[in-house]
Amino acid sequence: MPQTSNNIVGFVNLLSFLISIPMVIVGVSMSQGSAEECYQVMAKPMIIIGGFFMFFSLVGIIGACCNVTFLLIVYLVLMMFAIIVGIIFSMITMIATSKGAEKVKTREGYKEYRLPDDPSWLAMAILKENSWESIKSCLTVPEHNVCTDLKERQINSTATELDQNELTPIQSGCCKPPSECGFVYGGMTTWTKNNGGSSKNNDCNLWNNDDKTLCFECQSCKAGFIYGVKDARRKSSVVNIVFCIFIIIFYFISICALGNSAKHG
């Protein structure tokens, strides 16, 4: 039927509009003064993205359901813009995270992380003092401290058992000292310094058993965080490809809807 494409465009945009509402609400909630700093950082992008999708969806709904040719043209232009921005953003992100951090395996079996000699611009931006202070404040928030769960989960572990437990890159880099320090294990986040470790790694001097300090200022922690970003980017690449394919297919459906509107306009 000639109106099928219009119905599809209208239905999909209705779903998009409904999804954008909680995005805006959550974003506004995050921006309030009572919210944690790490959530406030995400507030503006969520409000902007949610607001864009809300406007974008309304244009599509009205244009498709009411056969308004002008609005469908605007909708197609916005969609093309979104496709181009999405592709460019994905490419830039993949390039920026290609030299994020390197994973190495110690003789004890731990997976630890190191910063490369030529880190990417994204890594350099994260390593800036102001940027890292904001990131660290999120990692050490008492309610969401990345090391708290690890400490409780491995309370009865021994140092030789650590390699049998799955540590996230952030936990490996921030919640324990580098293995080359040679510290004596006393618990997941409790290590005793001795003279048997390497003095070349400054992270050994930065380690502190205090839950608010641990190794959050260490290069290994920063490398673990950057590697986590890189790993998340890799895992999301498949989703991005599927999403781009869906958007491109939907774009051609929208063109059919524009043709229908032009005929009945």
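Does Glu112 count as buried or exposed, and at what relative accessibility? Glu112 counts as buried because its relative accessibility is 2%. Here, buried means under 20% relative accessible area, exposed means over 50%, and partly exposed lies in between (1.4 Å probe, protein chains only). The model is predicted, so local features need pLDDT of at least 70 and side-chain atom pairs count only at pLDDT 80 or more, while totals for chains, interfaces and linings use all residues. Residues are numbered from 1 along each chain as its sequence is written, and side-chain values use heavy atoms, with hydrogens and water left out.

The whole structure was searched for salt bridges, and 5 were found. A salt bridge is a side-chain nitrogen of Lys or Arg within 4 Å of a carboxyl oxygen of Asp or Glu. One of them joins the side chains of Glu112 and Arg114, at 3.3 Å from N to O. Arg114 counts as partly exposed because its relative accessibility is 26%.

Arg114 also forms a salt bridge with Glu180, with the closest N and O atoms 3.4 Å apart. This pair links distant parts of the chain, 66 residues apart. Arg114 is in strand β2 (residues 111–114), and Glu180 is in the loop between α7 (169–174) and β3 (184–187). Helices (H or I, at least four residues) and strands (E, at least two) are DSSP runs, numbered from the N terminus. Glu180 counts as partly exposed, at 33% relative accessibility.

Another salt bridge brings together the side chains of Glu217 and Lys136, at 2.4 Å from N to O. Glu217 lies in the loop between α8 (203–206) and α9 (219–264), and Lys136 lies in helix α5 (residues 129–139), so the pair ties together parts 81 residues apart in sequence. Glu217 is partly exposed, at 32% relative accessibility. Lys136 is buried, with a relative accessible area of 18%. Salt bridges with shared partners join Glu112, Arg114, Lys176 and Glu180 into one network.

A nonpolar surface patch covers about 550 Å². Phe11, Leu14, Leu15, Leu18, Ile21 and Ile25 make this patch. Patches are made of residues with over 30% relative accessible area and no salt bridge; like charges are joined within 9 Å, and nonpolar side chains (Val, Leu, Ile, Met, Phe, Trp, Tyr) within 5 Å. Accessible areas come from the Shrake-Rupley method with a 1.4 Å probe, and for residues only the protein chains shown count as cover. Ile25 is found in helix α1 (residues 4–30). At 55% relative accessibility, Ile25 counts as exposed.
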